Amino acid sequence: PRGATADDVDRLCELALLIRKAEEEAIVGCVIPEDVLSAENSEVLIAKLAKAFNFLTLDTTSYKEDVDVGAYVEERISQMQMPLIYYKMRVLLPYSDDPAEQQKYVDTAKRYNITSWQIRP
C-alpha cells in the first residue's frame with residue numbers, strides 16, 4: 001500500500017489475519033510501504049510484517065522522473081540486501097519498453113542474488 005505509513009503496520013498485519021480467517025489457504029503478500037523503509041525502527045516494522053504476511057516485496061518502481069532508473073534500482077536493492085535475503089523478499093522491478101534496459105534491471109536483481117522478482121506492468 002503506497003499510502004501506508006509506519007503507523008499503519010499493525011493494521012496491515014491485522015488485515016492479513018482477517019484475510020486468513022476468511023480464507024485459510026490464502027497466500028498474502030505486502031509491498032513494504034516507503035514510510036516503513038525510512039522509519040528509524042524499520043527493522044522492527046519489517047519483522048512484524050514478515051510474521052503476518054507470506055511474502056514481502058521491495059518496490060523499486062517509485063523513482064522520480066529525472067533519475068537514472070538503473071542506478072535507482074541498484075541503490076534500492078543494495079540498501080535492502082540483508083533484509084531481502086533474510087526474509088526471502090521479492091523485488092518489484094520497473095517496466096521498460098527497451099528490452100536491453102529491462103534486462104539490466106533483471107540482471108541487477110540477479111547480481112544481488114534475488115531469485116524472486118517481477119516486473120511492474
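1. Val31 stands opposite Thr57 in S2. Pairing here takes at least two bridges found by DSSP between the two strands. S1 and S2 run parallel and are joined by 3 bridges. Strands are DSSP runs (E, at least two residues) and helices are DSSP runs too (H or I, at least four residues), numbered from the N terminus.

2. Ground rules. This is a predicted model, where local features need pLDDT of at least 70 and side-chain atom pairs count only at pLDDT 80 or more, while totals for chains, interfaces and linings use all residues. Residues are numbered from 1 along each chain as its sequence is written, and side-chain values use heavy atoms, with hydrogens and water left out.

3. The sheet. It is open, has 4 strands in the order S1-S2-S3-S4, and its pairing is parallel. Strand S1 (29-31) and strand S4 (117-119) stand at the edges with a single partner strand each, so one side of each lacks a neighbour in the sheet. Neighbouring strands are turned by 25 degrees against each other on average, direction ignored. The axes behind that angle are lines fitted to C-alpha atoms, for helices over the stretch in contact; angles run from 0 to 180 degrees between N-to-C directions.

4. S2 and its other partner. S2 is joined to strand S3 (residues 90-93) by 3 bridges, and the two run parallel. Leu58 stands opposite Val91 in S3. S2 is mostly covered, with 4 of its 5 residues buried. Buried means under 20% relative accessible area, exposed over 50%, partly exposed in between (1.4 Å probe, protein chains only).

5. Helix H3. Which residues of H3 (residues 42-52) are buried? They are Ser42, Leu45, Ile46, Leu49 and Ala52. These cover an arc of only 125 degrees around the axis, which puts them on the same side of H3. The arc is that of the directions from the helix axis to the C-beta atoms. The face turned away from the buried side carries the exposed residues Glu43, Val44 and Lys51.

6. What covers H3. The cover over its buried residues includes helix H1 (9-22), helix H2 (34-38) and strand S2 (55-59). Contact means heavy atoms within 4.5 Å.

7. Thr108. This residue sits in helix H6 (residues 99-111). Thr108 is buried, at a relative accessible area of 6%. Leaving aside neighbours within four places in sequence, Thr108 is in contact with Val73, Glu74 and Ile77.
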